[in-house]
Amino acid sequence: MSAEHLIIDHISIEFDSPKGKFKALDNVNLKIRRGEFVSLIGHSGCGKSTVLNIVAGLLQSTEGGVVLEGKEVNEPGPERAVVFQNHSLLPWLTAYENVELAVKQVFKGRKSRKEMREWIEHNLRLVHMEHAMYKKPSEISGGMKQRVGIARALAMEPTVLLMDEPFGALDALTRSHLQDSLMEIQRDLKNTVIMITHDVDEAVLLSDRIVMMTNGPAATIGEVLDVDLPRPRYRLELADDVHYNHLRAEVLRFLHERHSKTDVQSNSEVKQAAKTEEKKGAGADRKAA
Ligand SMILES: Nc1ncnc2c1ncn2[C@@H]1O[C@H](COP(=O)(O)OP(=O)(O)OP(=O)(O)O)[C@@H](O)[C@H]1O
Ligand SMILES: [Mg+2]
């Protein structure tokens with residue numbers, strides 16, 4: 001058996017489209033260690049969700065495959081929990097029941113009813129949803145639904161946690177709270193995490209490696225950045241850290257360069273973002289000097 005925990009082994013995928021075959025991914029190849037936190041970053045439409053869905057077993061690659069602990073992955077499994085980009089709760093169940101469904105699937109016969117109840121409540125508390133546990137998805141906001149989705153995934157204690165822009169829809173305070181919780185949970189449970197994000201700070205704060213994807217079609221891995229910042233990491237301390245700012249500048253440079261090949265409107269957005277980042281970085285450098 002390979003020493004690697006999770007291998008994304010030279011995957012390519014083609015979708016059928018009205019104009020014929022559309023190659024979304026070409027030869028994506030990545031080996032991930034147990035307990036490693038990997039972020040996927042890249043421009044909209046490049047193929048990040050497609051990579052994640054292949055690892056989740058929800059899509060089949062056209063070439064290559066995914067191997068988890070020596071076994072090929074061809075279908076979904078509870079050891080690979082997914083937090084989807086668009087919250088995906090069963091609308092006829094309450095927040096509590098949505099989490100319960102997953103917990104029953106994983107812990108049936110291993111936890112008593114009381115233990116299951118406590119575990120469900122614990123995970124909902126973790127995402128600050130204790131006040132709305134018995135509400136249905138139609139009665140809560142988008143960010144709240146997203147938080148229930150995160151609680152559901154965490155409650156499954158998955159070996160591999162797959163997260164597709166999990167904090168994108170949340171306000172800044174909830175987002176930073178959940179990022180901190182995720183770092184703590186991952187330190188304790190040592191789950192392997194693959195997280196898609198558009199947020200450069202989030203990627204640097206949370207990741208061991210940041211995998212930067214080229215633009216599609218036929219997207220692949222462009223660069224991989226090692227985030228060798230010691231843990232535990234504290235956002236306020238890191239804001240003034242020269243190495244942290246260097247790492248985030250590397251990610252921004254990659255995105256900026258890739259963006260010069262895409263549409264003009266988005267390009268100006270990225271330039272604006274890069275300017276803001278440069279200012280922030282300069283501020284930090286001055287402080288550090
Ligand atoms: N089922 C499908 N059938 C046809 N084309 C698809 C399918 N799923 C994805 N694609 C195409 O594959 C490409 C990659 O899509 P994907 O959703 O993986 O992008 P993404 O990087 O997650 O984008 P975003 O950041 O906007 O979420 C896009 O061009 C998309 O239109
Ligand atoms: Mg996506």
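Nine bridges join strands β1 and β2, which run antiparallel; helices (H or I, at least four residues) and strands (E, at least two) are DSSP runs, numbered from the N terminus. The structure is a predicted model, in which local features need pLDDT of at least 70 and side-chain atom pairs count only at pLDDT 80 or more, while totals for chains, interfaces and linings use all residues. Residues are numbered from 1 along each chain as its sequence is written, and chains are lettered from A and ligands numbered from 1 in the order in which they are written.

Two strands are taken to pair if DSSP finds at least two bridges between them. In general, strands of a sheet pair through backbone hydrogen bonds, either parallel or antiparallel.

Strands β1 (6-17) and β2 (20-32), together with helix α1 (48-56), each supply at least two residues of the shell around ligand 1. The largest share, three residues, comes from α1. There are 14 residues around the ligand, and Phe 15, Ser 44, Lys 48, Ser 49 and Thr 50 come nearest. A residue is near a molecule or strand if its C-beta atom, placed from the backbone, lies within 6 Å of it. The shell consists of four nonpolar, nine polar and one charged residue. In this division, Ala, Val, Leu, Ile, Met, Phe, Trp, Tyr, Cys and Pro count as nonpolar, Asp, Glu, Lys and Arg as charged, and the others, Gly among them, as polar.

The largest nonpolar core has 73 residues, of which Val 55, Val 99, Ala 151, Leu 162 and Val 251 touch the most other members. Such a core is a set of buried Ala, Val, Leu, Ile, Met, Phe, Trp, Tyr and Cys residues joined through C-beta atoms within 7 Å. A residue is buried if 20 or more other C-beta atoms lie within 10 Å of its own, exposed if 12 or fewer, and partly exposed in between, with C-beta atoms placed from the backbone. Helix α4 (residues 142-155) gives the most to this core, seven residues. Beyond its neighbours within four places in sequence, Val 251 is in contact with Ile 41, Val 200, Ala 203, Val 204, Ile 210, Met 212 and Leu 225; contact requires C-beta atoms, placed from the backbone, within 7 Å.

Met 183 lies in helix α5 (residues 172-189). This residue is partly exposed because 19 other C-beta atoms lie within 10 Å. Apart from neighbours within four places in sequence, its contacts are Leu 206, Pro 232 and Arg 233. Met 183 and Pro 232 are 49 residues apart along the chain, and their C-alpha atoms are separated by 8.1 Å.

Pro 232 is found in the loop between β10 and α7 (235-238), and the peptide bond from Arg 231 to Pro 232 is cis, with omega near -5°. The peptide bond from Gly 216 to Pro 217 is cis, with omega near -5°. Pro 217 is placed in the loop between β9 (209-213) and β10 (221-226). Ala 218 lies in the loop between β9 and β10, and its phi is near 55°, a positive value in a residue other than glycine.

How values were computed: Contact = placed C-beta atoms within 7 Å.
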